[in-house]
Amino acid sequence: MDLPKKVTMIEVGPRDGLQNEKNFVPIDIKIQFIRALKAAGLKEMELTSFVSPKWVPQMRDAGEVVEACLNSSRDIVLAPNRKGVDRVLHTKGKAVAVFVGVSNSFNKKNINKTTSESLEELKPIVSELKEKGCFVRACISTSFYCPYEGKIPPGETLQLCRKFVEMGVDELSVADTIGMANPKESFELFSMLKETLPDVLLTAHFHDTRKMALANILASLQAGIDRFDTSAGGLGGCPFAPGASGNAATEDVVFMLEQMGIDTGVDLDGLVAAVKIVAPHLSRSIDTGYYKLQTTVQ
Ligand code: HMG
Ligand code: MG
């Protein structure tokens, strides 16, 4: 099998992982969680998002999180609009993720705009961020399926990705928002994106709703992808995508890749220690394979 020797793990636990959590996780726990994840070797991370606190109350302390934790050029902060980006620019943040859905119906539910309205708003913003020397990541939601519209034609996902590349983004994080994609679809979409858009960092973001995330990661590796968004403890889900559950669990992905001889740079014991910090503050239990084994078997 032709596979990369090394992959980059992008940790999304503090953002995607927590945004859908019912219990408000106290700021000192968020800070300890992020610091422990960094200590485990995760060098690229979504720390938080500057979104409306009315829409996503868990992220209302975004400014404090950034103030306490941001110390790397790949500490990423999400922002959906002008106001969010202005809030980021008031911090030391130098890596910004914008997010848009391929599906209009999802984008309306998530950002209260159509996909093309979001694109129009983001075009000058991306130029400005690039002029200011920022790293810009575009998260492409509903790249495979939409909870409201069903199957998304791969050509539509490619078209949206291409628009962001033309705007000058550095990275595309291409997401299976509701965990519906199968390995064949993952292989085909990522093969097409890799071939068509060779000059952008391509990252795969799989939610694990139907327990296909690991299989999809393997299929994407075979398509040449070597960057994966994952969430410690398998936490995650978008509040505006009904039925979406957690992301691929960082510990399970790291375990699988390391067993295959692929270097992730992440220390599994450190990762388990990070999950233990946040676990008691959550409304759900952590049931990822690696974490359960480490915490229940002596
Ligand atoms: P809106 O109600 O249309 O906004 O929401 P608005 O422009 O009309 O403003 C309404 C109020 O919100 C105003 O305050 C604004 O100041 C405030 P008021 O005058 O009522 O007091 N506001 C803001 N406050 C803080 N930060 C901001 C901001 N913008 C406006 N940035 C809005 C539009 C985009 C704000 C809203 O829809 C929103 O916050 N959406 C975020 C949804 C979200 O966070 N979703 C999850 C992240 S995406 C995801 O998880 C998918 C991903 O993981 C990939 C995948 O898996 O698919 C990335
Ligand atoms: Mg997500």
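Author: The buried residues of helix α7 are T157, L158, L160, C161, F164 and M167, where buried means under 20% relative accessible area, exposed over 50%, and partly exposed in between, with a 1.4 Å probe and protein chains only. The model is a predicted one, in which local features need pLDDT of at least 70 and side-chain atom pairs count only at pLDDT 80 or more, while totals for chains, interfaces and linings use all residues. Residues are numbered from 1 along each chain as its sequence is written, chains are lettered from A and ligands numbered from 1 in the order in which they are written, and side-chain values use heavy atoms, with hydrogens and water left out.

Helix α7 comprises residues 154-167; helices (H or I, at least four residues) and strands (E, at least two) are DSSP runs, numbered from the N terminus. From its first C-alpha to its last, this 14-residue helix reaches 20 Å, close to the 20 Å expected at 1.5 Å a residue, the expected span being 1.5 Å times one less than the number of residues. G168, with a positive phi near 105°, follows α7. The packing partners of the buried α7 residues are the strands β4 (95-101), β5 (135-141) and β8 (171-176), together with the helices α6 (115-131) and α8 (183-196); contact here means heavy atoms within 4.5 Å.

The ligand sites come next. Around ligand 1 there are 27 residues, the closest being Q19, N110, N112, S141 and T177; a residue is near a molecule if one of its heavy atoms lies within 4 Å of it. A polar side-chain atom of S141 is 2.6 Å from an oxygen atom of ligand 1, a polar contact being a pair of N or O atoms within 3.5 Å. W55 likewise places a polar side-chain atom 3.4 Å from an oxygen atom of ligand 1, whereas G84 uses a polar backbone atom, 3.2 Å from a nitrogen atom of the ligand.

The magnesium ion (ligand 2) is coordinated by D16 (OD), H205 (NE2) and H207 (NE2) at 2.0 to 2.3 Å; donors are N, O and S atoms within 2.8 Å of the metal (3.2 Å for Na, K and Ca), and water is not among the atoms, so sites may look incomplete. H205 counts as buried because its relative accessibility is 6%, and H207 because its value is 4%.

As for the strands, β1 (residues 8-11) and β10 (residues 227-230) pair in the parallel sense over four bridges, pairing requiring that DSSP find at least two bridges. T8 has R227 as its bridge partner in β10.

Definitions and conventions. Polar contact = N/O pair within 3.5 Å; in protein donor to acceptor, adjacent residues only side chain to side chain.
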